[in-house]
Amino acid sequence: MIERSLAQPAPPTHSKAPSLCTGCGEPSGSISQGTGFPLVRDRKDGLMYHVRCLPGTRDLDAVWSGLERMKGA
Ligand SMILES: [Zn+2]
């Protein structure tokens, strides 16, 4: 009979630190719970962002600046 020392049970990996938004540095939240916005993974750099903080939304900024230019014209 082989006596084996019991291996330490692996720590639960379920509890993970709250992920922070790469854009604004604030933690993810839940719209339904009123704690903010969830994070989404950007397909380009693989980092987590709020939807509004996604680098791709720069395109929206361009649209807005374009609108403001029209307004100022
Ligand atoms: Zn953010």
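Tyr49 is part of strand 2, which covers residues 48-50; strands (E, at least two residues) and helices (H or I, at least four) are DSSP runs, numbered from the N terminus. This is a predicted model, in which local features need pLDDT of at least 70, side-chain atom pairs count only at pLDDT 80 or more, and totals for chains, interfaces and linings use all residues. Residues are numbered from 1 along each chain as its sequence is written.

**Overall layout**
- The protein chain contains one helix and two strands, and they follow the pattern β-β-α along the sequence.
- Of the 73 residues in the protein chain, 7% are buried, a term that requires 20 or more other C-beta atoms within 10 Å of the residue's own, with C-beta atoms placed from the backbone.

**Around Tyr49**
- Tyr49 counts as buried because 22 other C-beta atoms lie within 10 Å.
- Leaving aside neighbours within four places in sequence, Tyr49 is in contact with Cys21, Thr22, Gly23, Leu39, Val40, Asp42 and Leu54, where contact means that the C-beta atoms, placed from the backbone, lie within 7 Å.
- Glu26 is 23 residues from Tyr49 along the chain, and their C-alpha atoms are separated by 9.4 Å.

**Confidence**
- The average pLDDT of the protein chain, the predictor's confidence in each residue from 0 to 100, is 79, and 71% of the residues score at least 70.
- Confidence is highest in strand 2, at a mean of 92, and lowest in helix 1 (residues 58-72), at 69.
- Where pLDDT is low, the predicted coordinates should not be read in detail.

Definitions and conventions:
A residue is buried if 20 or more other C-beta atoms lie within 10 Å of its own, exposed if 12 or fewer, and partly exposed in between; C-beta atoms are placed from the backbone. Two residues are in contact if their C-beta atoms, placed from the backbone, lie within 7 Å.
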